[in-house]
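Colleague: Hi, could you walk me through this model? I'd like to go through it bit by bit.

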Amino acid sequence: MSDVAVIGAGYVGITTAACLAHLGHSVVAGDIDSARVDALNRGEIPIHEDGLSELVAEGLESGRLRFVLGASAAVADAEFIFLCVPTPQGDDGSADLSFIDAVVLEIAGSLRSGSVVINKSTVPVGTTRRVQRLLGEAGGSIDEIGVASNPEFLREGTSVRDFLHASRVVVGCDNSATAVRVSELYAGVHAPIVVTDPASAEMIKYASNAFLATKISFMNAIANLCEALDADVSEVALGMGYDTRIGFEFLQPGPGYGGSCFPKDTSALMHAAHAAGAEFPLLQGVIDGNVAQHERMIDKAKRLVGGDLRGVEVAILGLAFKANTDDVRDSPAVYVARRLSEEGATLRAYDPKAAANSVLIDSMTRVDSVTEAAKGASLMVVLTEWDEFRWLNFDEIGEALEKRIVLDTRNILDPVALRRRGWIYEGVGR
Ligand SMILES: NC(=O)c1ccc[n+]([C@@H]2O[C@H](COP(=O)([O-])OP(=O)(O)OC[C@H]3O[C@@H](n4cnc5c(N)ncnc54)[C@H](O)[C@@H]3O)[C@@H](O)[C@H]2O)c1
């Protein structure tokens, strides 16, 4: 078992640290946020992830997991150092690597000989080599320190399961002995291991996310066609999904993709394509189609209230970018809520997990239940596919509403049952 450092205790970092500790490694996770570090050492998890608090508690209790302030404090004894810091979208659409650079410069002088710096953050092709160069420039001995790419594929909401039962582990490294050492960290995971060069590993991550985004935008385009041609996209998705070359996942239409990964990663790949002098019109179409899909939800809302949203009270159900997470970064739900507000609507929003002050929108009040959100509203908009929204007492909610009109941007409600109860129902593509 190895000594591991994890730099950045966010969605990816906490999951990586807790899961590697669970697999038997000794893990020190460093973050710059002292309140977060203190909370984690008390076993309090700042994010909502199934099973994560149990794993952190197990790690703390066994002594195999601890959290420290700062990157340097974490790396002192480490043989493997995972970089799990943000790589947000820069002003020009490219990936902003300043967090990676800052960490590398900070830890360069503290690394022990024989250690391996592993990029788990999503980074553009060429970043592993950039890390190696920076380590050298900052005084690290690059002959004695290995560098590898090990992109992460976990999904928020199921991060622990995705890590421990990974579909695959990708290790990109120029040195095969180092690649084997990194792969061995995952011995308990029982996943196929793809060992490749760093550039291909980095591209695997971007290509995977761009492909998934494409699948979503494609299905949204089909849904829009279904509306025009009077077909039902749910039936279409069912009929398509049985084809194993297509599969059922990511065939649900909706308000467009969002979250902390797809928007920035598609943008970064587009930027990389331009920089390389390559055209990628397909991906540009996916990105443009996604924004258009967000806007279609506003058009639908307007139509449902007679064309003008000014002064209309709207109940918002869901702010998280998808169900089972508290994450609102680049959430399509937030985009739609903000645009409804800009169009003059007054909003009361309920989300079971999104942090109370995480979304600030003019004319939007956060409330603690669907019924409270519905009180006096003339339109209810379902924006996140939380399970609890599927099983509402629609008679009670209908009583609270001024008008029984629902825009179900996630297609999670039953249109037939609602219409039978006198509701006006509008979904996506059906
Ligand atoms: N969230 C996901 O679902 C997901 C999935 C796969 C890959 N990724 C990628 O993983 C990376 C991290 O994403 P995330 O969602 O975990 O981010 P996050 O924002 O949740 O967490 C990042 C953490 O890094 C810390 N940090 C920043 N600078 C630091 C420094 N100098 N030293 C120590 N800590 C520092 C921050 O305080 C924060 O706690 C990104 O590149 C992202 O694209 C994310």
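Predicted model: local features only at pLDDT ≥ 70, side-chain atom pairs only at ≥ 80, totals over all residues.

Colleague: Thanks! Where is Asn324?

Modeller: Asn324 is in the loop between β9 (313–317) and α13 (332–342). Helices (H or I, at least four residues) and strands (E, at least two) are DSSP runs, numbered from the N terminus.

Colleague: And what is the phi of Asn324?

Modeller: Phi of Asn324 is near 70 degrees, a positive value in a residue other than glycine. For background, most residues other than glycine have a negative phi. Ser363 also has a positive phi, of about 65 degrees, and is not a glycine. Ser363 is in the loop between β10 (346–350) and β11 (364–366), and counts as partly exposed because it has 15 C-beta neighbours inside 10 Å.

Colleague: What does Asp330 touch?

Modeller: Not counting residues up to four places away in sequence, Asp330 touches Gly258, Gly259, Ser260, Pro263 and Phe321. Two residues are in contact if their C-beta atoms, placed from the backbone, lie within 7 Å. Asp330 lies in the loop between β9 and α13 and is partly exposed, with 18 other C-beta atoms within 10 Å. The C-alpha atoms of Asp330 and Phe262 are separated by 9.2 Å, and these residues are 68 apart along the chain.

Colleague: Switching to the ligand, which residues come nearest?

Modeller: Gly8, Gly10, Val12, Ser121 and Thr122 come nearest, out of 27 residues around the ligand. A residue is near a molecule or strand if its C-beta atom, placed from the backbone, lies within 6 Å of it. The elements giving two or more residues to that shell are α1 (11–22), β2 (26–31) and α5 (98–107).

Colleague: How many of the shell residues are charged?

Modeller: The shell has 5 charged residues, along with 14 nonpolar and 8 polar. Here Ala, Val, Leu, Ile, Met, Phe, Trp, Tyr, Cys and Pro count as nonpolar, Asp, Glu, Lys and Arg as charged, and the others, Gly among them, as polar.

Colleague: You mentioned α5. At what angle do the axes of α5 and α6 cross?

Modeller: At roughly 35 degrees, and the axes of α5 and helix α6 (residues 127–137) come within 9 Å. Axes are lines fitted to C-alpha atoms, for helices over the stretch in contact, and angles run from 0 to 180 degrees between N-to-C directions. On the α5 side the contact is made by Ile100, Asp101, Val104 and Leu105, and on the α6 side by Thr127, Val131, Leu134 and Leu135. These divide into 6 nonpolar, 1 polar and 1 charged.

Colleague: Now α9. How does helix α9 sit against α10?

Modeller: The axes of α9 (residues 198–229) and α10 (residues 233–241) come within 9 Å and cross at roughly 130 degrees. That makes α9 oblique to α10, since angles under 35 degrees count as roughly parallel, over 145 as roughly antiparallel, 65 to 115 as roughly perpendicular and the rest as oblique. Met219, Ile222, Ala223 and Cys226 of α9 meet Val233, Val236 and Ala237 of α10. The contact has 7 nonpolar, no polar and no charged residues.

Colleague: What about α9 and α12, which angle do they pack at?

Modeller: About 55 degrees, with the axes of α9 and helix α12 (residues 281–304) 9 Å apart. They are therefore oblique to each other. The contact involves Ala210, Ala213, Thr214, Ser217, Asn220 and Ala221 of α9 with Leu283, Val286, Gly289, Asn290 and Gln293 of α12. By class, this contact has 5 nonpolar, 6 polar and no charged residues.

Colleague: Last one: is Ala177 buried or exposed?

Modeller: Ala177 is exposed, because it has 8 other C-beta atoms within 10 Å. Ala177 is in helix α8 (residues 176–184).

How values were computed
Residues numbered from 1 in each chain as written. Buried ≥ 20, exposed ≤ 12 C-beta atoms within 10 Å, placed from the backbone.
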